[in-house]
Amino acid sequence: MKTIELKLYSFTELSEDAKERAMCSFEDINIHEDWYEHTYSCFKEYAIKKGFDVTNIYFSGFWSQGDGAMFEYSNINNSVLDGFINQLPKETFRNISRIK
């Protein structure tokens, strides 16, 4: 068996040059304009299967991933919407709630 030893540093422990190199290595992660399109389309398809249309999805704030993600809908009554929210896959939509 082979053992590999690594010395790990937090970002704040790095030199300015090392911080710059680290940031350049990951500068293209989640910055593309359409990085969220897959999630949008999956959510909209799921809603259609449940009988209503998602008319708009948007974000408000970016403190953490998914923070403030909201959707507007049409062609649905409140009991159907509550049932829809309760049936969402919890591993994907764990913090969803409805503003009443």
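Reader: What do the buried residues of H3 pack against?
Author: A word on the basis: this is a predicted model, where local features need pLDDT of at least 70, side-chain atom pairs count only at pLDDT 80 or more, and totals for chains, interfaces and linings use all residues. Helices (H or I, at least four residues) and strands (E, at least two) are DSSP runs numbered from the N terminus; buried means under 20% relative accessible area, exposed over 50%, and partly exposed in between (1.4 Å probe, protein chains only). By contact (heavy atoms within 4.5 Å), the buried residues of H3 pack against H2 and E2.

Reader: Which residues of H3 are buried, and what arc do they cover?
Author: The buried residues are Leu81, Phe84 and Ile85. They lie on the same side of H3, because the arc they cover around the axis is only 95°. That arc is taken over the directions from the helix axis to the C-beta atoms. On the other side, Ser79 and Asn86 are exposed, so the answer for the buried set is Leu81, Phe84 and Ile85, with an arc of only 95°.

Reader: How far apart are the end C-alpha atoms of H2?
Author: H2 has 13 residues, 37-49. The expected span is 1.5 Å times one less than the number of residues, so H2 should span 18 Å. The model agrees, with its end C-alpha atoms apart by 18 Å.

Reader: Which residues of H2 are buried, and what covers them?
Author: Tyr40, Phe43 and Ala47 are the buried ones. Seen down the axis they fall within an arc of 70°, so they line one face of H2. The face turned away carries the exposed residues His38, Ile48 and Lys49. What covers Tyr40, Phe43 and Ala47 includes strand E1 (53-58), strand E2 (70-74) and helix H3 (78-87).

Reader: Which residue just after H2 takes a positive phi?
Author: Look just past the end of H2, where the phi is about 100°. The residue is Gly51.

Reader: Is Lys19 buried or exposed?
Author: Lys19 is found in helix H1. Leaving aside residues up to four places away in sequence, Lys19 touches Phe11, Thr12 and Leu14. Its relative accessible area is 16%, so Lys19 is buried.

Reader: Where is Ile4 found, and is Ile4 buried or exposed?
Author: Ile4 is found in the segment before helix H1 (16-25). Its relative accessibility is 64%, so Ile4 counts as exposed.

Definitions and conventions: Residues are numbered from 1 along each chain as its sequence is written. Side-chain values use heavy atoms; hydrogens and water are left out.
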